[in-house]
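My notes are below, in the order I looked things up.

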Amino acid sequence: MTSEDVSGLRDVAVVAFAQSDTLRTTEEQSEVEMLMPVLHDVLGQTGLRTADIGFTCSGSCDYLAGRAFSFTLALDGVGAWPPLSESHVETDGAWALYEAWTKLLTGDADTALVYSYGKSSPGSLRDVLTRQLDPYYVAPLWPDSVALAALQAQALIDAGETDEPALAGIAARSREIANPRAQLRGSVPHGDYVVRPLRTGDCPPIGDGAAAVILAAGDRARELCSRPAWIRGIDHRIEAHSLGVRDLTDSPSARLAAERAGAFERPLDTAELHAPFTAQEVVLRKALRLDDSVRINPSGGALAANPMMAAGLARIGEAAARIHRGESDRALAHATSGPCLQQNLVAVLEGDPR
Amino acid sequence: MSKEPVAVVGIGQTKHVAARRDVSIAGLVREAAQRALDDAELTWADIDAVVIGKAPDFFEGVMMPELYLADALGAVGKPMLRVHTAGSVGGSTALVAANLVAARVHGTVLTLAFEKQSESNAMWGLSLPIPFQQPLLAGAGGFFAPHVRAYMRRSGAPDTVGSLVAYKDRRNALKNAYAHLHEHDLTLAKVQASPMLWDPIRYSETCPSSDGACAMVLTDRAGAARAPRPPAWMLGGAMRSEPTLFAGKDFVSPRAGKDCAADVYRQAGIADPRRDIDAVEMYVPFSWYEPMWLENLGFADEGEGWKLTESGVTELDGDLPVNMSGGVLSTNPIGASGMIRFAEAALQVRGQAGDHQVDGARRVLGHAYGGGSQFFSMWLVGSEPPAS
């Protein structure tokens, strides 16, 4: 949807963001225990209580939890009493935020709580993610997520779009950050090949974490936040599932989503990209037409912390928080789902003029 | 700015059966989607976005299957959103899709829900042992039977009411070509003599495991004006959720269900549901949930719901027909079951329900629930557009 389309609709903003530390293992914590401090933090920033929230939407994945209906336990933690107007998506929380945004547009609610979480530590994430591939022709071969990302990286190198030193540079920049919540920061060795051409440094850390955001519409947003991050446009698009019919060096779905979100109408100063593998940042920068004037992933992005189902929502939250703090005026936030950037969401956030 | 009115202009479902071994998951969902498009006389190119729902991914053993289904549902290059809210998901999915139209984000949206239960075993998929968490016992029946018993004790309903519901719904299913169970030789005596599974729930009072999909095309006012057949108009829709377990929870008549219905009635201007609503398609996976939900939804006073069932009010030719399609008791592709309820409500007000049509149905409620009687989604559809 273009920003012109949105102009007749309600203005909706991100007014608060919170996240947990992302840790390699959280054996001593349930998902609910991991999530609760994040919910308290994000509600505390606005002074709202659960019962004040008009709509609640979350994102999580049963395959990470290893049990059906895992999100019901998190809802117990939210404190859904009296009963809530509530929904859940089985994917990254960025799509929960999208659902909440549409709910606020209808006028049925003025505020929304969006949260997501994922614990990758109980299983072997590379193996678990093979279960999201075509169940008849691809999943039985168990091609793991790093191997698929390596195909994409090799396609980029073969096309002359990048090389291994450039990818190493992306890895280093992503970890030279001051984000205290990140799992990897500082000088991180680029390491050995995991699957050629990807080295350990080209891959995201595997970690557990949670994120939460509060949305508010119109004047309610101004009451809750001194500088709301207005959602000027948000759109998401999916591509074919079979890798064989896609050009892995490009992301037409990300480009179309950005166009529909109005990203190309005016210059951006910041972009938070959900690119778990270094080579995917190359793909996204091209598709989203991000030149060197745009600061990429000041948070470190998914290469510094990649809690499954929360890393995309955290990109929107990180971009919004920079606007809240006055460090950005117009930022792009991106989330992805599926193998090799199959599905992409783009949000354009703006602060009021200073 | 007021919401855009939402109309249902296309409905499609598969013939629900125990096992669709002739099609893949993609083939199953595409069949329902194509039928919904055919009903609306639209093509894949007319669809702006796809909203898909299903119950837990363990039921097929495919993680986030919407990624793999993007091609089969014509979603490539479009937005595709996956909803998962337990057993209510089919209803919730339709409501999320409706919001895209109501918010004027999209003009025409395809929404679809499915389950291909033959790929796995739902009862044990629900019963994975997790340390330090209350087990669901042997599937959903083990969880719900005590709450049925509580209702019987609280209301003083005769033991036979459940069997009446089951016998009615299975007979209604005989009029619905898409229903899974077509038990032509079923008698009330056979229902009452069927094996006890989870006391007081007998075998013939439980839902089957089905493979099936249901799809709807939702559109705005302009889309409805172009529709070849009468649209169903959404007059109200809501979701409510409450915790699974807590001190003081009323499992017999959960507050989330009452609140959800009240919200829908408020939106639709329904003062007295018993008088103002012509028929109800509700989520009854175990027979006794018919009288329980009649009370929870405000069609009967507390403790009185079973009297409507016993006196024949909920029969297809009764004053308030319930589960005209044969209901969940006759067809249960879990993730799709909520949407089938919503779709049946829409079929009724469109006058397209064939042999199970309720004459003159103008306002019909579709209802779904899930989890531990904690997730509710409902919509009220009408033959006329909303007043405002």
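**Ground rules.** I am working with a predicted model, where local features need pLDDT of at least 70, side-chain atom pairs count only at pLDDT 80 or more, and totals for chains, interfaces and linings use all residues. Residues are numbered from 1 along each chain as its sequence is written, and chains are lettered from A and ligands numbered from 1 in the order in which they are written.

**Chain A overall.** I counted secondary structure first: chain A has 12 helices and 12 strands. Helices (H or I, at least four residues) and strands (E, at least two) are DSSP runs, numbered from the N terminus. The radius of gyration, taken over C-alpha atoms, is compared with a globule rule of 2.2 Å times the number of residues to the power 0.38. For chain A the radius is 19 Å, close to the 20 Å that the rule gives for 354 residues, so chain A is as compact as a globular protein of that length. Its C-alpha atoms fill a box of roughly 50 × 45 × 40 Å along the principal axes.

I then checked burial. A residue is buried if 20 or more other C-beta atoms lie within 10 Å of its own, exposed if 12 or fewer, and partly exposed in between, with C-beta atoms placed from the backbone. In chain A, 62% of the 354 residues count as buried.

**Domains of chain A.** The bounds come from an automatic or database domain assignment. Domain 1 is 12-123 + 207-224, and domain 2 is 125-204 + 231-350. I find their C-alpha centres 22 Å apart. The contact between them takes 34 residues from domain 1 and 26 residues from domain 2; two residues are in contact if their C-beta atoms, placed from the backbone, lie within 7 Å. On the domain 1 side, α5(A) gives the most, with six residues.

**Strand β1(A).** I looked at residues 12-19 of chain A next: eight of eight are buried. Seven bridges join β1(A) to β7 (residues 209-217) of chain A, and the two run antiparallel. Here A:Q19 stands opposite A:A211. β1(A) also pairs with β8(A) in the antiparallel sense, over two bridges. Strands pair if DSSP finds at least two bridges between them. A:A13 has A:W230 as its bridge partner in β8(A).

**The core.** A nonpolar core is a set of buried Ala, Val, Leu, Ile, Met, Phe, Trp, Tyr and Cys residues joined through C-beta atoms within 7 Å. The largest has 252 residues, and A:V114, A:V213, A:L215 and B:V381 touch the most other members. Helix α13 (residues 334-350) of chain B gives the largest share, 10 residues.

**Chain A against chain B.** The contact takes 48 residues from chain A and 51 residues from chain B. α5(A) gives the most to the chain A side, with five residues.

**B:E384.** Is B:E384 buried or exposed? I have B:E384 as exposed, because 11 other C-beta atoms lie within 10 Å. B:E384 sits in the segment after β11 (375-382) of chain B. Its C-alpha atom is separated by 26 Å from that of B:V50, 334 residues apart along the chain.
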